[in-house]
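Let's take a guided walk through one protein structure together. Keep the sequence and the 3D view open while you read.

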Amino acid sequence: MASSLGDDGLDLLFRTARTHNYWRPEPVDDAILRRVYDLAKMGPTSANMCPLRIVFVRSPAAKEKLKPCLAEGNVSKTMAAPVTAILGMDVHFFEKLPKLYPHADAKSWFKDLPELVLEYTALRNSSLQGAYFMLAARACGLDCGPMSGFDNAKVDAAFFAGTTVKSNFLCNLGYGEVSKLHPRSPRLLFEEACSVA
Ligand SMILES: Cc1cc2nc3c(=O)[nH]c(=O)nc-3n(C[C@H](O)[C@H](O)[C@H](O)COP(=O)(O)O)c2cc1C
């Protein structure tokens with residue numbers, strides 16, 4: 001068994017992977033969505049709380065429901081994407097802890113905390129899961145187009161009404177149009193972003 005990824009894998013996940021805004025008209029079926037989730041779910045979260053909840057928006061009716069929630073600049077790419085994942089977070093994630101963390105009473109550590117603390121705990125951990133999700137999607141050959149340009153309250157009302165789930169971010173999924181990519185923007189160097197203490 002390889003103990004680290006080779007160049008092909010590193011390119012697929014990081015070095016040649018890009019954020020896509022234009023999509024080829026190839027469908028994304030349920031089997032690949034399940035495959036992506038089944039990989040992403042294995043990434044670590046605090047007390048294994050797994051607050052991420054996902055709605056895969058694929059049907060024309062669901063896309064129309066999402067459309068008025070989007071910032072103008074995100075409308076056409078989202079309407080054209082084969083699937084748009086709404087990455088949400090269950091702010092009452094503690095309800096599932098008896099299943100997810102069965103060796104201790106982890107529910108009691110969280111259930112009486114103020115909503116604000118629950119919300120930022122869910123945000124931290126669902127954002128981590130969102131990153132695992134994007135890397136899992138890339139590992140399965142999909143391209144991603146993450147977006148925070150939308151009205152969270154509108155998405156919550158349209159897709160999560162009557163639940164304790166709130167939207168975190170959106171991610172278009174499909175097979176990107178590589179010819180329409182703009183040049184990659186620079187990243188911070190190790191020396192600019194890191195120190196070794
Ligand atoms: C959480 C998040 C929110 C983003 N929101 C938007 C958005 O609303 N609209 C948009 O066009 N791009 C959005 N982006 C895309 C970023 O600008 C893009 O990922 C970044 O510039 C890196 O591009 P690259 O992956 O091609 O190097 C978002 C990315 C992330 C991770």
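This is a predicted model: local features need pLDDT of at least 70, side-chain atom pairs count only at pLDDT 80 or more; totals for chains, interfaces and linings use all residues.

Residues are numbered from 1 along each chain as its sequence is written, and side-chain values use heavy atoms, with hydrogens and water left out.

**Around the ligand**

Which residues surround the ligand? They are Arg18, Thr19, Asn74, Lys77, Pro146, Met147, Ser148, Gly149, Arg184 and Arg187; a residue is near a molecule if one of its heavy atoms lies within 4 Å of it. This shell divides into 2 nonpolar, 4 polar and 4 charged residues. Here Ala, Val, Leu, Ile, Met, Phe, Trp, Tyr, Cys and Pro count as nonpolar, Asp, Glu, Lys and Arg as charged, and the others, Gly among them, as polar.

The side chain of Thr19 has an N or O atom 2.6 Å from a ligand oxygen atom. A nitrogen atom of the ligand lies 2.9 Å from a polar side-chain atom of Asn74. Ser148 takes part through its backbone, with an N or O atom 2.8 Å from a nitrogen atom of the ligand. On its own the ligand has 630 Å² of accessible area, and the protein covers 61% of that; such areas come from the Shrake-Rupley method with a 1.4 Å probe.

**Salt bridges**

How many salt bridges does the structure hold? There are 9, each being a side-chain nitrogen of Lys or Arg within 4 Å of a carboxyl oxygen of Asp or Glu. The table shows some of them, with the accessibility of each partner. Buried means under 20% relative accessible area, exposed over 50%, and partly exposed in between (1.4 Å probe, protein chains only).

| Pair | N to O distance | Relative accessible area |
|---|---|---|
| Arg15 and Asp7 | 2.5 Å | Arg15 46%, Asp7 52% |
| Lys41 and Asp38 | 3.0 Å | Lys41 33%, Asp38 39% |
| Lys107 and Glu95 | 3.0 Å | Lys107 25%, Glu95 47% |

Arg15 is partly exposed, whereas Asp7 counts as exposed. These two also belong to a network of salt bridges together with Asp11.

Lys107 forms a salt bridge with Glu95. This pair links distant parts of the chain, 12 residues apart: Lys107 sits in helix 6 (residues 107-110), and Glu95 in the loop between strand 2 (83-90) and helix 5 (97-100). Helices (H or I, at least four residues) and strands (E, at least two) are DSSP runs, numbered from the N terminus.

**Helix 7**

The buried residues of helix 7 include Leu118, Thr121, Ala122, Asn125, Ser126 and Gln129. An α-helix has 3.6 residues a turn, so residues three or four places apart point the same way. Just after helix 7, Gly141 takes a positive phi of about 95°.

**A residue in strand 2**

Ile86 is found in strand 2. Is this residue buried or exposed? Ile86 is buried, at 0% relative accessibility. In sequence Ile86 and Asp156 are 70 residues apart, while their C-alpha atoms are 9.9 Å apart in space.

Conventions
A polar contact is a pair of N or O atoms within 3.5 Å; within protein, one must be able to donate a hydrogen and the other to accept it, and residues adjacent in sequence count only if both atoms are side-chain atoms.
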